[in-house]
Amino acid sequence: MTEFKAHTRQEHQRALAQYLPGGINAKVKSSSNLFKLLDGLGGELTRIDEIFQDVFKQLNILTTDNVEYMSLWEGLVGLPDDVFPQTDSLTIVERREQVLLKLRGLGALTEQDFIDLAALLGIVITIEHGINNTYPPYSVPFYPISEFGARFIMIVKGSGLFTAAYPPYDVPFLPASNNSQITKLFEKLKPSMTTILFINN
């Protein structure tokens, strides 16, 4: 995207002077009132240009560095949420990455889209289709899946998909696992008729 560049005071002053007839010498004499008037107008035009330049910069998520505009970007994609609960305590760069992840996830439909999205979070995953696990021979561990709903099941395998508690357990214990950031994100983005099985490698 082309960057909007503000013109300097002198550039505006010269441009305004060019609109005046050629025989008026006062427009180029720094001591004349006409020159000072054009110089003052040039300064105001530069100030307006700088406002446009800043707005142009902030309206691009890749270049925004203003906290207020970043909050607007986050509001646009629904942040903070249960996937990315932290916003105010993060740097502008980290907040930008979260917004970009949410924007990237808006169009996630294919298997490769989900693999690429996980890679942006630094996680390598593989995806298998439920239809591949409906018939024997099964590879261990296997999940019994009916042929009827198999085409709407996506099996995601990767490391760090769950922050699970493994033995030895403290007594009393409940064998449970907590959803990770990627599992929450995938559950939000998946098509509504799809079921995702997450398997930790």
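**Exercise 1.** Which salt bridge do the side chains of Asp81 and Lys102 form, and where in the chain do the two residues lie?

*Solution.* Step 1: the side chains of Asp81 and Lys102 meet in a salt bridge, at 2.7 Å from N to O. A salt bridge here is a side-chain nitrogen of Lys or Arg within 4 Å of a carboxyl oxygen of Asp or Glu. Step 2: Asp81 is in the loop between α3 and α4, whereas Lys102 is in helix α4, so the pair links distant parts of the chain, 21 residues apart. Helices (H or I, at least four residues) and strands (E, at least two) are DSSP runs, numbered from the N terminus. Step 3: both Asp81 and Lys102 are buried. Buried means under 20% relative accessible area, exposed over 50%, and partly exposed in between (1.4 Å probe, protein chains only).

The model is predicted: local features need pLDDT of at least 70, side-chain atom pairs count only at pLDDT 80 or more, and totals for chains, interfaces and linings use all residues. Residues are numbered from 1 along each chain as its sequence is written, and side-chain values use heavy atoms, with hydrogens and water left out.

**Exercise 2.** Describe the salt bridge of Arg9 and Asp39.

*Solution.* Step 1: the closest N and O atoms of Arg9 and Asp39 are 3.3 Å apart. Step 2: Arg9 belongs to helix α1 (residues 9-18) and Asp39 to helix α2, so the pair ties together parts that are 30 residues apart in sequence. Step 3: Arg9 is partly exposed at 38% relative accessibility, and Asp39 is partly exposed at 22%.

**Exercise 3.** In what order do the strands of the open sheet stand?

*Solution.* Step 1: the order of the three strands is β1-β2-β5, with mixed pairing. Two strands pair if DSSP finds at least two bridges between them. Step 2: β1 and β5 are at the edges with a single partner strand each, so one side of each has no neighbour in the sheet. Step 3: β1 and β2 pair in the antiparallel sense over five bridges. Step 4: Glu128 has Ile155, in β2, as its bridge partner.
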